[in-house]
Amino acid sequence: MTDPLPACEPARLTIDLGAIRDNVARLKELSGNAQVMAVVKGDAYGHGLVPSARAALRGGATWLGVAQLAEAVALRDAGIEAPVLSWLHVPGLDFDPAVQRGIDVGVSAPWALQAIADAARRLGRPARVQLKVDTGLARNGAYGADWTELVRAAGPLAAEGALDVVGVFTHFAFADAPEHPTVRAQQEKFADAVRDVERAGFAIEVRHMSNSAATLTQPSAAWDMVRPGLAVYGLSPVPHLGDPASFGLRPAMSATANAALVKRIPAGQGVSYGHTYAPERDTTVVDVPMGYADGVPRAGSNVGPVQVAGKRYTIAGRVCMDQFVVDVGDAAVRAGDPVVLFGAGEDGAPTAQDWAEATGTISYEIVTRMSNRLPRVHLGEQQ
Ligand SMILES: *Cc1c(COP(=O)(O)O)cnc(C)c1O
């Protein structure tokens, strides 16, 4: 699926929408009767919000999840009518679009309940709300006594008809370590929270807690719905437990370029800013037109893996804003030859996971940080 690039394009991202569709179908298969909410926040982890969302729906996702309300509105603006939940808001946010566009709002605090109820009163129709409980991540969600207060505060607003509480959810701290004691403890706390909302008399449609790692390793935590993000894009959230293929997933994103310039340099000639690399012998270097303005981590200087004309190398010297250099020895590389930064790992090419390991981060960050200077080419849009 690494199509040859048009010669005029220095570098680009290719997104295999068929992979997103198939990954979602696989996650659905792993989740029994639970629905799949494909998480498409952060521009679908860098894969492009709208085409990725559509591909996930084709694969059997029945819900979409985003962090910010603006991301949910962008889905609606594109004509996507599937249920959408957004869960990260700050005081002062205008919730009218959520009520107008039928977007579920995840709520972690009473101030948000009030703001959403105000929007609903203005617009004359109830808002759809899902209550988020903090069961031990200590991040978003209502914790301890705040949770009790949140459930209590929702009661009168629901009775008044300003909102419908339709869901309850939480998020794991350690889903990537299935044996960690918090995994069970959070499931128990969540079961208590579910009892709280049921006792309050709300007509709950969906109870959910599983991110990608839990979807793959804790089938018992699926409840009514799973909420995978990373796995939708074919990357493993638990690389120490298995690669994508071992879970039946395949990476959707490839980052590729064309060699811009190829030349011989003598032994000892320092390469790129600060000369942090110098070849021991006369050699051929390749200038690749992709840099940190495109999202290539500068931490990949002298460690980032790359495939040039079918062969694997490590970046030579510093990654610059627009370009980096590769020492290919005496290989017969020519300007215009294909370069793979990462992809599905075909033919020995590096993966986003390889980049994560080389630069001390996680594959989530590698794909999500790819910038908008790189054109995104979506394969399989019509399927
Ligand atoms: C980002 C996010 C997810 C998806 O997480 P992955 O690890 O990518 O599967 C699910 N739920 C919430 C609340 C999130 O913030």
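Modeller: Asp16, Arg21, Asp22 and Arg250 are linked in a network of salt bridges. This is a predicted model, in which local features need pLDDT of at least 70 and side-chain atom pairs count only at pLDDT 80 or more, while totals for chains, interfaces and linings use all residues. Residues are numbered from 1 along each chain as its sequence is written, and side-chain values use heavy atoms, with hydrogens and water left out.

Colleague: How do you know whether Arg21 and Asp22 are buried, partly exposed or exposed?

Modeller: Buried means under 20% relative accessible area, exposed means over 50%, and partly exposed lies in between (1.4 Å probe, protein chains only). Arg21 has 24% relative accessibility and Asp22 has 28%, so both count as partly exposed.

Colleague: What separates Glu149 and Arg152 in helix α7?

Modeller: Glu149 and Arg152 are three residues apart in α7 (residues 145–160), and therefore separated by about one helical turn. An α-helix has 3.6 residues a turn, so residues three or four places apart point the same way. Helices here are DSSP runs (H or I, at least four residues), as are strands (E, at least two), and both are numbered from the N terminus. The side chains of Glu149 and Arg152 meet in a salt bridge at 3.2 Å, N to O. Glu149, at 35%, is partly exposed, whereas Arg152, at 53%, counts as exposed.

Colleague: Which parts of the chain does the pair of Asp224 and Arg207 link?

Modeller: Their side chains meet in a salt bridge of 2.8 Å, N to O. The pair links distant parts of the chain, 17 residues apart: Asp224 is in the loop between α9 (212–217) and β10 (225–226), and Arg207 is in strand β9 (residues 206–210). Asp224 is partly exposed at 21%, as is Arg207 at 23%.

Colleague: Why is Asp96 called buried?

Modeller: Asp96 has a relative accessible area of 15%, so it falls on the buried side of the cut-off. This residue is found in helix α5 (residues 96–100).

Colleague: With which side chain does the side chain of Asp96 make a polar contact?

Modeller: The partner is the side chain of Arg122, at 2.7 Å. A polar contact is a pair of N or O atoms within 3.5 Å; within protein, one must be able to donate a hydrogen and the other to accept it, and residues adjacent in sequence count only if both atoms are side-chain atoms. Leaving aside neighbours within four places in sequence, Asp96 is in contact (heavy atoms within 4.5 Å) with Ala119, Arg122 and Leu123.

Colleague: What covers the buried residues of helix α4?

Modeller: The cover includes α2, α3 (49–58), β3 (63–66), β4 (84–86) and α5. The buried residues of α4 (residues 69–77) are Leu69, Glu71, Ala72, Val73, Leu75 and Arg76. α4 is followed by Gly79, whose phi is positive, near 90°.

Colleague: How do you know whether Ala56 is buried or exposed?

Modeller: Ala56 has 0% relative accessibility, so it counts as buried. It lies in helix α3 and touches Ile20, Val24, Ala38 and Ala61, not counting residues up to four places away in sequence.

Colleague: How much area do domain 1 and domain 2 bury between them?

Modeller: The bounds, 31–233 for domain 1 and 253–379 for domain 2, come from an automatic or database domain assignment. The two domains bury about 730 Å² between them, 61% of it on carbon and sulfur atoms. Buried area is the accessible area (1.4 Å probe) that two parts lose on being put together, summed over both. In domain 1, Tyr45, His47 and Leu230 lose the most area to domain 2, together 58% of what that side buries.

Colleague: How many salt bridges and polar contacts does the rule find across that interface?

Modeller: It finds zero salt bridges, and two residue pairs in polar contact, both at pLDDT 80 or more. Helix α2 (residues 41–45) gives the most to the side of domain 1 that touches domain 2, with three residues.

Note on methods: A salt bridge is a side-chain nitrogen of Lys or Arg within 4 Å of a carboxyl oxygen of Asp or Glu.
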